[in-house]
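User: I'd like to go through how the parts of this model touch each other. Can we take it one question at a time?

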Amino acid sequence: MTEQGTTHVIEVTINGRLYSRTVEARQLLVHFLRDTLDLTGTHIGCDTGSCGACSIILNGKLVKSCMMLAPQADGAVIETVEGLANDGELNPLQESFSRNHGLQCGYCTPGMLMAGTYLLRENPNPTEEEIRRGIKGNICRCTGYVNIVRSIMDVAGGHGSEQADGIVGEEQR
Amino acid sequence: MSATSRSKAATRERVESWTGKSVPRKEDGRLVQGEGSFIDDLGMHGQGYAWFVRSPYAHARIVSVDPSAALALEGVYAVLTGEEAREMCVVPFFQIAPGDGARIEEWPLAVDKVRYQGDAVAVVLADSRDTARDAAELVEVEYEPLAVVVDGVEAVEHAAPVLHEKAGTNVAWHGVYDYGDIDFALEHADHVIKIDRLHFHRFSSTPLECNGAVVDWDKGSGVIDVKSNIQMPMFAAMVIGPSLGVAMNKFSFSSRDIGGAFGNKIAFYPQIAALALLSKKAGRPAKWTEYRTEHMLSSTHGNERTFLDIEVPVMADGTILGVKARAVDDVGAYLHYEPLGAVIWSQVLTGCYKFKNVKIDFTTALTNKCPVAPNRGYSRMQQLWMLERVIDIVAHELDFDPVALRKLNFVQPEDYPYQTPNGCVYDSGNLPLSLDMALELADVDTWRRRQSEMGTGTGKRIGIGIGSTLDSGTNNFGQARIVNPDLPFSGNGEAAFAKLDLYGEVNINLGTTPQGQSHETTSAQVAADILNMSPNDVTVTIGFDQSHNSFVGFSGTYASQFAVTGLGAVMGATAKLRDEILEVGAFALGAPKDDLELRDGACLVKGDPSRSIPFIGIANLIYTNNAVLPSELSSKIDLNCRYVYVPPFEVPDVERKMGNLTLTYASQIHVCVVEVDEETGVVEILSYVAVDDCGKRINPQIVEGQVHGAVGLGIGAALYEAFEYDEDGQLQEPSFYEYHAGTAMDIPDIRTGNIESPSPFTPNGAKGMGEGGGAAVHTICSALQDALGKDGAVVFDSHNPWERVYQLLQSSQGDEPRGVRVISREGGAA
């Protein structure tokens, strides 16, 4: 327990950039992202893989980064919330979360966005039920999920571009 | 198009009023890019990482604490034990309770005894989180286990083990709330309904971000810098300051983005005090990020309340005359913010109903469980749930239509402002219309038909439920005196600064600690209206910062009040700023002040836009060019305008427990339809509707989001979420594995409706809102009661997971005592 663990040199590509670091064998991937690389957009909400705040896309799969050790990610290609926008220009899903008020405190949002991104890649035209299944591993305590589901629905199948820009009111319910 | 450019597009247009519009949120741009600054994202130079050593026992004597093995570990900076912490403190934490409760001693860490599983006995500081955790496991603590009490009623009614010997009792507070003449009503009513016991269970909103703080006790200046996500920073300072022997101006509390709080982040001041002492001892900042199981064990739970011997006098036509009950509130092992819960419920003494006779015998009980503290709907939802159960049980037992019974007993639209028996004033509303709207949106007529068509033998039952809730907002802290007459508290308030910065930028600072409530957006909306400019050009500082001096003792974000206190302060400060700008403009433009107006960041002469001065010019004259001004102007105006909004309150009558305890009453009427599987007890929500009336809405989309969220938490509590202890005081749900926070598969789509009954008492007609969560607990229970049917069992608990629903279905068929009796007088129609 108290012995200093072994270390590993790992290389990972995150949002298109290659990182090479020496890590402790026991370091969680989420701590590697947040503490070692200062990519603090990926959050921690539990210790049991239950809440999804730490969701990332690793080698094309949606992964909870608190459920992997950093050395296990050696050689992986990772996408995190920091890679979604293009030089400050929000992508359609980020836009939709804002337009539909799909976030309040914003703590679950990075994980939700990654779950939504993965879902829409796998299934560009999901039903409401499929969206709910797609984000069931992500806990949100602010929104009751209503506007998160609407946010994902809104961009599914290219509906996002049809939405009027600007003020969204109750009439959109 | 980016959020920024979209919001510009949206907010560049000229509108009559930004207030009332669903403008896009200022907060979103950073939050959807992972650029928020939450507590674990913050740090200080040279910081160590803190890890608390917590008790595995619910009640035990601390025989010894030996940190030597921990200190021998490489990378460990310091270990602080409970005994050391006590020696570094001047006095224990201030207690709100009077009498016996006032003798409870709480220190930053446990001393002599631990009183719940998770009670902290020491805290370690090390060079990394992992080292700190390893070291915490090496702190050797010898415990001598003691007898445990985990039930509030047992804790006060039997020879239970006493938690705090100095108090000598587990009764932290007791009082009787008695209005009208309930005994007369019980003697003369046509019917009396007697309910043995109703139990409101223990749960919490479990914000996704846990508690956290980085605390530095700076040796040179003596200043304690506290970066944290605490919700009421100045309350925390006032509680721990005297213990640490620190003056208020030696604290520097600040916060940035907060990942949800719901009241649960009000009371972790013991941890902050321990971190301050740890920092002092180690000579470096201490960073602590609570982990989930630590949060579940030792942060905050909601109040668990048991109602006993409930008696309800009812007339033959369904008029309810009152309620009599005993209430025992289980508040856990220490008093954090408690026993304020022993009075706060009385803000909604009679709920949505206008009966006059109430007698509640209220006891605050200490148990070997996690301390409670505010949780969305704090202390009121327990009372409102009890009243809604009473209404449904009366309807069920006496065969009244639950809709008609509610409408008959509701406070009526013409009754406002309505004074309750304990002197609270309901400001405005329209409950019957809200209920009609909810029933229509839920298409209840169709569901009733389907319910009756379903019949027996299908294995499924449909239930239709109603939940009526008041969301009382803007506390009068004078109610604390009803708990303890010696407390020097009353009123409420919030502070804001509005200023023009050096180049004419408009900036607002607030004393609030938003956790998703969109204060940056709504503050900008109301300021923009006063300055006649786009909210896009109004910057609202993110988070709380004591150094901005925009705070009062009540500052924070809690208890449904921002739209009144926070925005009241913003409006007052911005109006002052507007006046100052006009005064400087009058000098600069050589025109009378009354002939000037503001538009899009400039001051101009009405009807002659060629004569104008932009805000940068106004700022220049005051900040960097003041010799050109006459001294009567430069000495009077600084473009830094502070305003404290103070709601109109008086000190309550402590003896009679009478007074206006809150300024506003938003209402929430919910209707839901559930399907219950008879074989398994599994409940599926088929339809859910929430009708909200919070007066004038500043931003309808944000209001609707709050309604959704409150419903989500309420459904979770009603069906899935509970903190339960075994007889040894071991928490059975210490992580999100066991504590099933509702997911997108559990919470259905929610239809919303809205009525606006402006408050006559607030600066903007708005009412605080956001705590209507309890409504969903009542509504689900009401629907289950309906599904159980005539002669079915009584829903006696607020928590009804499938196992309990299955039991209720089974006991419906038996002839066990149902816990409810109806006593009808001669001649009373039954």
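User: How many residues of chain A are in contact with chain B, and how many of chain B with chain A?
Analyst: Quick ground rules: this is a predicted model, where local features need pLDDT of at least 70 and side-chain atom pairs count only at pLDDT 80 or more, while totals for chains, interfaces and linings use all residues. Residues are numbered from 1 along each chain as its sequence is written, chains are lettered from A and ligands numbered from 1 in the order in which they are written, and side-chain values use heavy atoms, with hydrogens and water left out. Taking contact as heavy atoms within 4.5 Å, the count is 61 residues of chain A and 67 residues of chain B.

User: What area is buried between chain A and chain B?
Analyst: Buried area here is the accessible area (1.4 Å probe) that two parts lose on being put together, summed over both. Between chain A and chain B, carbon and sulfur atoms give 52% of it, and the total is about 5500 Å².

User: How many salt bridges are there between chain A and chain B?
Analyst: A salt bridge needs a side-chain nitrogen of Lys or Arg within 4 Å of a carboxyl oxygen of Asp or Glu. A:Arg34 and B:Asp40 make one, with their closest N and O atoms 2.8 Å apart. The count between the two chains is seven.

User: Which helix gives the largest share of the side of chain A that touches chain B?
Analyst: Helices are DSSP runs (H or I, at least four residues), numbered from the N terminus. Several supply at least two residues each, including α1 (29–36) and α3 (109–122) of chain A. The largest share, five residues, comes from α2(A).

User: Now inside chain B: what area do domain 1 and domain 3 bury between them?
Analyst: The bounds come from an automatic or database domain assignment, which puts domain 1 of chain B at 3–36 + 493–645 and domain 3 at 178–204 + 300–477 + 653–824. Their C-alpha centres lie 40 Å apart, and 26 residues of domain 1 are in contact with 27 of domain 3. Of the area buried between these domains, 61% is on carbon and sulfur atoms, and the total is about 1800 Å².

User: Which residues in domain 1 of chain B lose the most area to domain 3 of chain B?
Analyst: Three residues together account for 30% of what the domain 1 side buries. They are B:Ser22, B:Ser560 and B:Val564.

User: How many salt bridges link domain 1 of chain B and domain 3 of chain B?
Analyst: By the rule already used for the chains, look for Lys or Arg paired with Asp or Glu. Between these two domains of chain B, the count is zero.
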